[in-house]
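Subject: Structure handover

Hello,

Here is the structure I promised to pass on. My notes on it follow below.

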Amino acid sequence: MKRAHRAAHRKLWPLLGLVVGAGLLLALILRPPPEGAAATDGGFTVLETLR
Amino acid sequence: MSAGFQAVQWNAAKIRYDAILLGLVALYIGGFIAVAAALSPPADVAGWIDLRLKAFGSCAFLMLSAVLAIGPLARLNPRFLPLLYNRRHLGVATFLVALAHAGFMVEWYILESDIANLAGELTSWADYLNFPAGFPFKTLGLIALLCMLVMAATSHDYWLAFLTPPLWKAIHMGIYLGYGAAALHIALGAMQSNRHPLIPILLFALFGAVTLLHILAARKAAAQDAGDAAQDGWLQVGAAGDIPDGRARIVAPAGGERIAVFRDGNIVAAVSNLCAHQNGPVGEGRVVDGCITCPWHGYEYRVEDGCAPPPFTEKLATYRLRLRDGWLEVQTTPLPPGTPASLMLP
Ligand code: HEM
């Protein structure tokens with residue numbers, strides 16, 4: 001690889017790692033709770049306990 | 001070098017590599033589907049399509065991670081060089097697996113008679129603000145697939161010669177963008193709708209490992225690139241006897257391209273470290289039967305003049321060498337490619 005390519009690599013990867021890494025982390029942190037989790041109590045959904 | 005078309009030049013090593021590759025892909029996809037179907041059998045046709053979508057999608061991401069890890073691994077440790085030899089076939093195979101994955105999704109929409117909605121999903125602009133769970137993650141998959149398409153379509157040596165290695169390499173760096181898009185495609189798609197802990201664990205581990213390998217390899221190259229100061233256009237190489245027989249010492253003038261100084265018995269010769277094929281590091285190769293052999297794809301150049309042996313026509317720039325007080329020195333201005341410039345040691 002030419003010197004210019006190596007220089008581009010050196011700048012690109014930390015930037016890509018940071019931007020995509022931040023995206024991945026935010027997507028994990030901000031993920032909505034699984035469906036029905038709010039209404040779940042001890043493994044039974046509210047609907048099931050009413051039935 | 002001319003840009004004439006030649007079919008892929010098969011040899012025993014390439015056939016073995018491809019056979020192993022095909023076997024591993026079949027094993028992974030077959031194994032994934034068999035295990036998942038045994039654990040929770042799909043209820044209908046849509047369920048089977050979903051299973052294939054998962055098997056091929058995860059296989060494509062694993063393969064893409066492997067494709068991107070091979071380069072830095074080979075730079076950090078020459079033991080990985082054999083993997084680099086046929087990396088392009090792995091790249092094209094990755095594209096085909098990803099294409100099948102996208103195809104299953106189209107099949108699913110056709111089955112549900114909902115194909116019109118697919119375009120609508122990609123163009124519902126307000127949803128792009130709906131981060132993370134409502135984001136149209138399929139667009140990110142499409143971006144990744146398009147990046148891979150460009151790479152696969154220009155992967156043949158015809159395009160390499162036509163575009164020249166520096167431009168070809170620059171275009172092929174687009175795959176990094178594709179990898180980032182693929183990682184986000186999974187984070188905003190499967191990771192939102194499926195709570196299996198393996199999804200974030202594998203995603204973070206693979207993306208993190210590939211990024212770390214690239215950063216480590218770049219750091220190693222930066223140290224070598226710092227270069228040495230030349231005096232009156234001559235750069236010190238060291239004692240000729242210190243260069244192992246059949247190997248090279250790589251030197252770089254400050255701010256310049258690297259020069260590989262080879263020793264073959266009592267002959268020393270300096271050539272550009274950039275292989276004429278893909279700008280691979282010829283100086284990390286060895287001399288075989290009087291020819292410098294590039295470690296990437298085995299391109300050969302005669303020690304005495306940097307010319308590929310007939311019928312091949314590639315040439316490397318050569319450099320003048322001299323001995324001063326027992327020390328070997330190389331002139332930093334290159335000679336025209338193919339100029340005889342080797343030096344006989346006393
Ligand atoms: C046109 C391009 C693409 C489309 C339309 C597409 C579509 C999809 C869809 C609909 C899913 C299911 C998401 C869910 O379960 O909620 C999915 C999952 C996935 N896709 Fe893609 N995709 C594309 C390209 C790619 C590419 C290029 C890769 C990798 C290199 C990829 C890797 C994955 C992976 C790993 C999954 C998760 C599978 C799982 O749940 O185990 N996709 N994709």
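In what order do the elements of chain A run from the N terminus on? The order is α-β-β-α, with 2 helices and 2 strands in the chain. Please keep in mind throughout that this is a predicted model.

Chain A has 51 residues, and 24% of them are buried. Its accessible surface is about 3,500 Å², and carbon and sulfur atoms account for 70% of that. One nonpolar surface patch draws on both chains: A:Leu25, A:Leu26, A:Ile29, A:Leu30 and B:Phe131 together make about 470 Å². The contribution from chain B, B:Phe131, sits in the loop between helix 5 (115-122) and helix 6 (137-153) of that chain. B:Phe131 is partly exposed, at a relative accessible area of 35%.

Next, the metal site. The iron atom of the ligand is coordinated at 2.0 Å by the NE2 atoms of B:His101 and B:His185. B:His101 belongs to helix 4 (residues 87-111) of chain B and B:His185 to helix 9 (residues 174-188), so the two histidines tie together parts that are 84 residues apart in sequence. The iron atom has 6 donor atoms, the angles among them run from 89 to 179°, and the site is octahedral. For six octahedral donors, the ideal angles are 90 or 180 degrees. B:His185 is buried, with a relative accessible area of 18%.

Three of them are described here.

- B:Glu107 and B:Arg52 meet through their side chains at 3.3 Å, N to O. B:Glu107 is in helix 4 of chain B and B:Arg52 in helix 2 (residues 45-76), so this pair ties together parts 55 residues apart in sequence. Both residues are partly exposed, B:Glu107 at 31% and B:Arg52 at 24% relative accessibility.
- B:Arg88 and B:Asp157 meet at 2.9 Å, N to O. This pair links distant parts of the chain, with B:Arg88 in helix 4 and B:Asp157 in helix 7 (residues 157-163), 69 residues apart. B:Arg88 is partly exposed at 22%, and B:Asp157 is partly exposed at 28%.
- B:Arg302 and B:Asp305 have their closest N and O atoms 2.8 Å apart. B:Arg302 is partly exposed at 25%, whereas B:Asp305 is buried at 10%. These two residues and B:Glu304 are linked in a network of salt bridges.

The cut-off for a disulfide is 2.5 Å between the sulfur atoms. B:Cys294 is buried, at 4% relative accessibility. For B:Cys307, the closest cysteine sulfur is that of B:Cys291, and at 10 Å it is too far for a bond. B:Cys307 is also buried, with a relative accessible area of 12%.

A last item concerns a glycine in chain B. B:Gly241 lies in the loop between strand 1 (234-239) and strand 2 (248-251), and counts as exposed at 62% relative accessibility. B:Gly241 and B:Leu345 are 104 residues apart in sequence, while their C-alpha atoms are 9.5 Å apart in space.

Regards

Key. Residues are numbered from 1 along each chain as its sequence is written. Chains are lettered from A and ligands numbered from 1 in the order in which they are written. This is a predicted model: local features need pLDDT of at least 70, side-chain atom pairs count only at pLDDT 80 or more; totals for chains, interfaces and linings use all residues. Side-chain values use heavy atoms; hydrogens and water are left out. Patches are made of residues with over 30% relative accessible area and no salt bridge: like charges are joined within 9 Å, nonpolar side chains (Val, Leu, Ile, Met, Phe, Trp, Tyr) within 5 Å. Accessible areas come from the Shrake-Rupley method with a 1.4 Å probe; for residues, only the protein chains shown count as cover. A salt bridge is a side-chain nitrogen of Lys or Arg within 4 Å of a carboxyl oxygen of Asp or Glu. Helices (H or I, at least four residues) and strands (E, at least two) are DSSP runs, numbered from the N terminus. Buried means under 20% relative accessible area, exposed over 50%, partly exposed in between (1.4 Å probe, protein chains only). Donors are N, O and S atoms within 2.8 Å of the metal (3.2 Å for Na, K and Ca); water is not among the atoms, so sites may look incomplete. Four donors count as tetrahedral if all angles lie between 85 and 135 degrees; four count as square planar and six as octahedral if opposite donors are over 155 degrees apart and all others between 65 and 115; anything else is irregular.
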